[in-house]
Amino acid sequence: MESILIGEECEILVSEGLPVPLLPPRPRSPRSRVVVLTQPGAAARVGAAAVSRIAEDASATDADPVAVHTVQIPDREEAKTLRVVEEVYRELDRHRVDRHDTIVGVGGGAATDLAGFVAATWLRGVEAVYVPTTLLGAVDAAIGGKTGVNREGKNQVGAFRHPRRVAISVEVLRSLPRPLLVEGMGEALKAGLIADPRLVEVLESDGLGASLTEVVTRAVRVKAEVTAGDFFETGRRAILNYGHTVGHAVETATGIPHGHAVAVGMVAAGAVSERKTGFAQAERQREVIASLGLPVDSPPVPRPVVVDLVGRDKKRRGGSLPKMVLLEDFGKPVVIDVTLDDLEVGLAAVGL
């Protein structure tokens, strides 16, 4: 089992199955209630296993009784709305959840984003634990302390707050259907492109057959290291947004999955990098993305719609366009201003 720490706030466990114990130990102020937020399908089965594990852990340690309550939330982005937040608040109120209790988010990135936001805001903050059940959630959404829900834009309402623990089961990820595995590889590859060229080589060589333990551990270490040094995204953390400037706009405009949108966004960013930094690996990057089964072209959407959405990106700072993360080489990202002409080069590279 790999243990990766982000300061003293968050422990990330990468293990074959659910770790024992699932929840972090609490020598003082023992929890009396745990609320598990789960999504349908496989996440519900993992959620049920998590509920059983929490009860077993409490019995094994002779801890005080813990009441575990399960709350079902919608799948994917349908979970990330203020309406669902209010519904979860009502459940927390009904179960009298207080600051000594724990909220567990089980599911994909939307589930952990929602659970983290609810935990950050309920009574000004209760403990959160994440059990990601998708590769995308394991290597990206569950790591780094960003929580949030969508309003007019993606993640427009949120808070920075680490979970106390992230429990990643490789066994769960290994059982994913191919489409979910492919989607998660987009964010895993991104981690390699910005900070771990060896991970790029692994995915280039082995594709979807690469060791999930190695892929997840490497990707998580990248994100943990970057976020540990810049929690509130005032500096280096911005490199994690590689592929997201165009990617989020395409995702919002077309509704394609997040990992697919980021893949399209990385192709666009590679083309802009060629223009702005002399990046010589854009075609190689495109080939790796395609080899993983990810798209390299955007679905049809009017270019002005994407440009408008890019201009409304929450990371913009006063101007009409946000700064863009580009590459000088694999593992050498830069964050620089771009013009509309630069952006249009990127959009043309993905068929827009």
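What percentage of the 352 residues of the protein chain count as buried?

1. Of the 352 residues of the protein chain, 56% are buried (under 20% relative accessible area, with a 1.4 Å probe and protein chains only). The model is predicted: local features need pLDDT of at least 70 and side-chain atom pairs count only at pLDDT 80 or more, while totals for chains, interfaces and linings use all residues. Residues are numbered from 1 along each chain as its sequence is written, and side-chain values use heavy atoms, leaving out hydrogens and water.

2. The radius of gyration of the protein chain is 20 Å, which agrees with the value near 20 Å for a compact globule of 352 residues (taken over C-alpha atoms; the rule is 2.2 Å times the number of residues to the power 0.38). The C-alpha trace spans about 60 × 40 × 35 Å along its principal axes.

3. The chain contains 13 helices and 11 strands (DSSP runs, H or I of at least four residues for helices and E of at least two for strands, numbered from the N terminus).

4. Helix α12 (residues 303-311) packs against helix α13 (residues 340-349) at about 125 degrees, with the axes 11 Å apart (lines fitted to C-alpha atoms over the stretch in contact, with angles from 0 to 180 degrees between N-to-C directions).

5. Contact (heavy atoms within 4.5 Å) involves Arg303, Val306, Val307 and Val310 of α12, and Leu340, Leu343, Glu344, Leu347 and Ala348 of α13.

Notes. Buried < 20%, exposed > 50% of the residue type's maximum accessible area, 1.4 Å probe, protein only.
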